[in-house]
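Could you take a look at this one with me? I've jotted down some notes to go with it.

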Amino acid sequence: MRTNRLTRQVLPFFFTVCTGGVLLPQAAHAEAALSARDIMEKVATTRKLDGSESTIKMTLIDEKGGKRERELASATKLFDGGKTEKRVFRFLSPADVQGTGFLVFDYEAKPDDAWIYLPAMRKTRRILSSQSGQQFMGSQFTYGDLNTPALDDYTYTLVKEEPCAGGESCYVVDTAPKNKETATADGYSRRTYWVSKSKFVPMKILHYGPDGKLLKELIANDVKLLDAKKKRYRSLRNEMINKQNGQRSVFEFTKMTFTPNTKDEYFTPTYIERG
Amino acid sequence: MSDRFVRPLLLFCILSFVATGRAVAAGGEEAPDAGVAPTGGGTGQGASVADAGTAPATQEAPSLTEPSGAPGLFEQSTAAAPGAAGAAAPPAPLNLTGYVRGDSYVGKIPGVRQAELKAAYGEVALVARTAKQPYGDGFAEMRLRYGLQGDLKQTFVDVREAYANAYLGPVDLRLGKQIIVWGRADLLNPTNNLTPNDLRIRSPIEDDRRVGNVGARAFLRLSPVRFEAVWLPSYVPSELPQVYLPQFVSFGTPDYPGANLKSWLEAGRLHLELPSVEMSVSYVYGYAPLPGLALGSLTFDPVNPSIVIARTAYKHQVVGFDFSTALGDIVAVRGEAAYRRPFDYKGRSWTARPDLQYALGLDHTFGSVMVIVQYLGRYVFDWKKEGPIMDYEPSVLQMDPTYGEPLRGQYTKVISSDLAKFSQMMFSQTERVQHLATARVEWLTLHDTLSISALGMVNFSTKEWLTTPKIGYRLSDTMIAYVGAEVGSGPSGTIFGLADQKMSAGYAELRATF
């Protein structure tokens with residue numbers, strides 16, 4: 001019974017918050033006359049980090065202020081010249097999920113391969129990576145919120161440029177799904193991004209529900225440059241606020257290292273079975 | 001097929017499999033850890049970002065050099081106790097976790113329209129992990145349970161697992177009391193014949209019924225191939241739920257192998273792990289975890305008649321295969337098969353007959369509902385119909401032992417025949433060919449605090465069925481409540497038919513973890 005819960009809880013998180021997705025910035029200098037699509041391509045295509053290791057605290061806050069916390073450790077590494085990103089992830093707490101491990105091979109051009117190790121099942125199981133549109137770990141984030149969207153599935157409109165949080169100057173970009181299937185899978189009718197002009201980091205995202213009403217707001221803070229050579233950034237604190245029910249979820253990287261030499265052996269079923 | 005012949009043959013098969021697997025890896029898909037070195041950034045260079053909460057909103061992080069080969073943050077963090085993530089302090093030498101649970105199982109008195117308590121107990125589990133070091137770590141779990149379990153009301157103490165791991169380059173070695181689970185199918189695993197289960201233990205968590213055994217388990221990692229070897233020198237039997245025994249019938253001293261070098265279990269498994277598919281072939285030689293039933297003694301006596309049944313272990317060998325893969329992003333597929341061949345099975349009621357078991361399962365998620373469906377089949381070789389179970393008349397045992405030799409002989413045959421039938425039921429071999437289906441459904445909602453799930457199994461051949469609906473509600477991060485039921489049934493002459501009213505029950509559990 002735990003299998004599916006953990007799978008759905010963790011995989012989306014694993015896919016993106018640890019390492020990528022719209023929350024992960026890239027280094028790039030603002031350029032003149034960028035189209036909305038150009039901006040989002042820069043957000044999406046140059047986000048990857050050669051390797052990283054991190055610890056993460058995830059806090060789920062209900063409308064009354066009650067908190068639930070999870071602690072995790074993760075590692076990532078690029079393979080195949082950057083075409084494949086491998087991620088391994090393990091729960092540190094709470095006790096009933098401690099030792100649970102995930103391994104994901106994130107490919108550019110085909111569905112990902114993913115495995116889960118559950119201490120209670122005592123074996124590694126292959127799982128499907130398609131958890132799009134679902135909440136994970138009981139949080140306000142969904143797979144669609146966190147995963148890097150397929151650029152061709154959306155239309156883009158550059159609305160304006162304006163100052164945004166942290167003294168940044170931002171592009172304001174509206175995105176809308178091109179078809180009903182994508183909208184249904186995402187659970188949103190449109191999203192509006194505030195993208196840092198200097199770093200191409202989404203600093204804020206507004207998510208509108210199928211009825212067109214504002215549903216959630218994502219706020220990204222604490223942006224760090226991790227790979228100075230390639231100018232790769234990450235936001236170390238990401239908060240998703242549900243504007244309709246008042247619940248919030250916060251992902252914080254409590255520690256992160258840029259480690260191109262992350263051990264290859266982490267990214268194997270054998271390693272996650274060590275618990 | 002003799003043991004001398006089979007084992008070298010299997011060794012040859014495994015070696016062939018190794019060669020094939022390596023060839024596939026070399027010529028085809030990328031191995032799980034055989035990636036291309038990252039571009040740029042150099043090796044041995046690391047940039048660290050700490051103090052996330054105090055740093056300005058955006059800033060450049062200092063570059064730090066980390067010694068190549070040293071344990072990284074990921075490895076260090078997983079070695080640390082919960083709560084130490086991100087902390088600068090070294091990991092605690094011992095991490096102690098566990099749970100406390102209280103359970104009540106209520107069912108029906110067999111043959112009477114009245115409820116009874118099937119099980120009620122409190123249990124505390126302590127789990128100790130030593131800090132993970134580059135060369136190894138340790139793990140132990142102890143459970144202390146008091147209450148009513150079956151017909152027994154007492155304190156149960158179980159060192160469920162206690163082992164040490166050594167990580168020696170490509171070799172991982174685990175030594176001590178441990179639980180080993182093989183197979184990739186859901187619920188029923190034909191290749192899983194190593195450590196036993198105690199089905200007397202009532203719990204909403206399936207793993208709670210697994211039992212540890214002392215031994216050694218080693219892995220040799222030659223990615224994408226991994227060789228696993230298991231050695232269990234002592235025999236620990238699976239335990240079945242208590243069933244109603246007729247008058248004068250009792251279980252006597254079991255006939256199990258002693259802890260000596262002639263009775264060990266040895267097993268090997270060769271894994272091939274590629275990104276798109278993983279598979280393994282396996283071989284087990286030793287005593288089957290589930291013993292059969294043999295007639296220990298039969299005493300005709302007017303005052304103290306008795307039929308003593310001896311649970312008796314038997315030796316077998318099992319060749320297995322399993323795999324799992326994904327078809328696009330639509331469905332995960334798992335398969336498993338095992339051929340089991342007991343030694344000297346003819347004429348021995350306590351020994352299973354050779355059989356082939358096979359399973360094929362699919363899983364998919366529909367919205368927030370996860371579904372696993374699976375087909376399982378079994379073909380019994382050299383099958384012989386046993387039984388039916390004869391009517392037992394206890395008073396016959398009270399005849400004068402000096403009287404009626406033909407009647408006693410006839411009665412002994414009846415008892416032996418009944419035991420053969422019971423053993424056949426326990427071994428799930430009451431039909432030559434069996435077709436089973438299982439389905440597991442889980443719906444997770446309310447931000448993963450509420451789970452509604454059900455597991456169902458139907459044996460179309462024997463008409464047995466089992467269902468285990470369950471609702472779990474997470475009151476907090478450390479508290480979870482379960483209510484559910486375990487209900488099974490079957491016609492007479494089947495194991496579920498025998499145990500349904502004894503075992504079927506509704507339950508409630510409250511579990512606090514720490």
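My points follow, starting with the ground rules.

1. This is a predicted model: local features need pLDDT of at least 70, side-chain atom pairs count only at pLDDT 80 or more, and totals for chains, interfaces and linings use all residues. Residues are numbered from 1 along each chain as its sequence is written, with chains lettered from A and ligands numbered from 1 in the order in which they are written.

2. In chain B, have a look at the open sheet of 3 strands, ordered β11-β15-β14 with mixed pairing. Strands are DSSP runs of E, at least two residues, and helices are runs of H or I, at least four, numbered from the N terminus; two strands pair if DSSP finds at least two bridges between them. β11 (249–251) and β14 (292–299) of chain B each have a single partner strand, so one side of each lacks a neighbour in the sheet.

3. β14(B) and β15(B) (residues 306–312) run antiparallel, joined by 7 bridges. Across that pairing, L295(B) sits opposite I309(B).

4. Helix α3 (residues 405–426) of chain B packs on this sheet, touching β14 and β15 of chain B; contact here is C-beta atoms, placed from the backbone, within 7 Å. Buried residues of α3(B) include Y411(B), L419(B) and F422(B), where buried takes 20 or more other C-beta atoms within 10 Å of a residue's own. Their cover includes α4 (495–503) of chain B as well as β14 and β15.

5. Just past α3(B), S428(B) has a positive phi of about 55°.

Note on methods: Contact = placed C-beta atoms within 7 Å. Axes fitted to C-alpha atoms, helices over the stretch in contact; angles between N-to-C directions. Buried ≥ 20, exposed ≤ 12 C-beta atoms within 10 Å, placed from the backbone.
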